[in-house]
Amino acid sequence: MGEKVVAGTFDLAERSRYRAKLRECLAGLRRLLDEERFDRPKNLMGVEIELNLAGPDGMPRMLNAEVLERIASRDFQTELGMFNLEVNIAPHRLGGRVLDRLAEELRTGLAYAHRKANEVNAGIVMIGILPTLAHHDLVSGNLSDVDRYALLNDQIVAARGEDFVLDIQGVERLTCTSGSIAPEAACTSVQLHLQVTPGRFADVWNAAQAVAAAQIAVGANAPFLFGRELWRESRPPLFLQSTDTRPPELQAQGVRPRTWFGERWISDAYELFEENLRYFPALLPLMDDENPLEVLDDGRVPQLGELVLHNGTVYRWNRPVYGIADGVPHLRVENRVLPAGPTVTDVIANAAFYYGVVRALAEEPRPVWTRLPFEAAAANFDTACRDGIEARLRWPRRGRYGGVVEVPAVALVRDELLPLAAAGLDAWGVEPADRDFYLGVIEERCRRRVNGASWQAATYHQALETGLEREDALAATTRRYAELMHAGDPVHTWPVGLPEPAVLS
């Protein structure tokens with residue numbers, strides 16, 4: 001539902017009927033949970049990566065329709081902006097050589113897509129925010145030509161009732177306005193899915209929330225927007241502000257934004273779906289004919305289409321997902337924290353760290369979320385986005401004294417979280433050679449204090465020091481990034497700066 005829609009307006013009665021239908025879907029979900037109808041553990045993971053299209057000059061190319069026509073694969077789909085694509089990797093069972101298999105699939109798929117993009121003078125760039133994007137690139141005319149994007153834009157703009165204000169204070173400050181949600185398209189991310197049973201959902205979600213800041217600290221890759229150097233991971237503040245349906249008055253009242261970290265630890269998956277209904281008005285009140293309770297009475301499984309659609313318009317950094325596979329319902333935690341890139345090896349290393357540490361933390365006898373205030377986890381997330389690899393995070397003190405202490409993110413990851421991640425990957429049955437290689441990438445980032453964001457910033461500043469103007473320095477940094485990205489060595493090995501120009505004899 002929502003894949004094929006026609007942009008238009010919704011009358012008052014439709015919204016009222018939709019709210020009632022959402023409540024029916026929520027009641028259906030409650031019954032499915034109570035009747036234990038969900039799939040048994042299958043240790044399934046999935047990966048989605050959002051991509052940018054840029055030309056040999058490093059500038060964005062609004063050509064996704066042409067590139068997708070040439071790729072001609074269902075693995076690649078449109079995303080919000082005309083300079084975006086998304087690649088979806090089929091679900092894999094965690095275990096064995098799954099990490100190397102994923103890496104090989106991604107390399108093959110991205111190389112093919114890059115060759116096809118070259119046919120229209122474009123290429124694939126896997127990065128959190130393309131540094132060369134300008135304000136004039138992110139306008140409604142550059143949204144992908146898909147009805148659901150036009151409809152979503154119209155509804156979010158109508159809900160806000162005025163221009164969106166972007167105001168991000170980082171190394172520099174960016175202030176501007178937008179008449180559409182198009183700036184959201186700048187945010188290109190990796191989404192990691194993990195199928196879990198209802199009984200394990202809360203522990204996995206809480207664990208994912210607790211380590212989100214550490215993920216960002218070691219994985220930040222989006223320091224620039226509209227020619228300004230902002231946060232080391234500028235996607236979260238940009239995403240929040242570019243989809244914010246609240247005018248300033250509602251913000252002042254404490255109304256929750258649609259893009260948010262959350263406000264408490266949970267004990268049941270149902271709580272997140274229920275909160276999404278209780279706090280957020282419908283943006284896309286599209287209904288089908290299914291009566292979920294009658295479907296359940298007949299012994300069948302309801303699609304819960306309205307609930308799924310509404311859930312997709314609340315942008316939690318760890319999102320609950322309801323799905324059906326082979327006629328059996330299942331729940332997933334969708335981790336939306338990470339930026340895309342820099343390389344396939346880096347993406348798989350980030351995934352290995354996440355799947356390992358979440359497994360280990362979810363199974364600890366004294367879980368971290370019983371010792372870390374939720375407010376501290378939320379503050380950690382903002383700190384990591386702002387400071388990246390240099391962030392200092394609050395974390396429960398080890399030993400009998402308890403309490404929370406502030407520690408460098410690199411020390412927390414290296415000394416505490418990486419050993420947990422290794423134990424978690426062992427519990428999944430991942431091959432030790434894969435475990436050690438990919439977690440070793442994270443360890444080296446911590447040791448050298450390098451990630452995609454720090455490399456971009458250092459290379460950009462070095463380019464400025466050679467005499468390049470700001471826009472030229474950003475374009476040169478982007479071209480060098482793309483070159484090294486396609487070469488494939490992990491970012492902690494990248495030499496900082498631009499290559500020396502060839503000297504003609």
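Residues are termed buried under 20% relative accessible area, exposed over 50% and partly exposed in between, with a 1.4 Å probe and protein chains only. By this scale Arg 30, at 27% relative accessibility, counts as partly exposed. The model described here is predicted, so that local features need pLDDT of at least 70 and side-chain atom pairs count only at pLDDT 80 or more, whereas totals for chains, interfaces and linings use all residues. Residues are numbered from 1 along each chain as its sequence is written, and side-chain values use heavy atoms, with hydrogens and water left out.

Arg 30 takes part in two kinds of contact. The residue forms a salt bridge (a side-chain nitrogen of Lys or Arg within 4 Å of a carboxyl oxygen of Asp or Glu) with Asp 34, the closest N and O atoms being 3.3 Å apart. Both residues belong to helix H1, where a spacing of four residues separates Arg 30 and Asp 34 by about one helical turn; helices (H or I, at least four residues) and strands (E, at least two) are DSSP runs, numbered from the N terminus. Asp 34 is exposed, at a relative accessible area of 54%. Arg 30 also lies over the face of Tyr 270, at 4.5 Å from the ring centre; for such a contact, NZ of Lys or CZ of Arg must be within 6 Å of the ring centre and within 35 degrees of the ring normal. Arg 386 is placed over the face of Trp 231, at 4.4 Å from the ring centre.

Side chains of opposite charge can pair when their charged atoms come close. The structure holds 39 salt bridges by the rule above. In one of them, Asp 167 and Arg 173 have their closest N and O atoms 2.7 Å apart; Asp 167 is partly exposed at 31% relative accessible area, and Arg 173 is partly exposed at 48%. In another, between Asp 57 and Arg 61, the closest N and O atoms are 3.4 Å apart. Here Asp 57 is partly exposed, at 34%, while Arg 61 is buried, at 19%. A network of salt bridges links Arg 31, Glu 35, Arg 37 and Asp 297.

Aromatic pairs number 16 in the whole structure. Rings of Phe, Tyr and Trp (its six-membered ring) pair if their centres lie within 6.5 Å, and planes under 30 degrees apart count as stacked, over 60 as edge-to-face and the rest as tilted. Phe 38 and Tyr 322 form an edge-to-face pair, 6.2 Å centre to centre with 85 degrees between the planes. Phe 38 lies in the loop between H1 and strand S1 (44-54) and Tyr 322 in strand S12 (residues 318-325), so the pair ties together parts that are 284 residues apart in sequence. Phe 38 is buried, with a relative accessible area of 3%, and Tyr 322 is buried at 6%. The pair of Tyr 354 and Tyr 355 is likewise edge-to-face, because the ring centres are 5.2 Å apart and the planes stand at 65 degrees. Tyr 354 and Tyr 355 are buried. One aromatic cluster consists of Phe 239, Phe 261, Trp 265, Tyr 315, Trp 317, Phe 374 and Phe 381.
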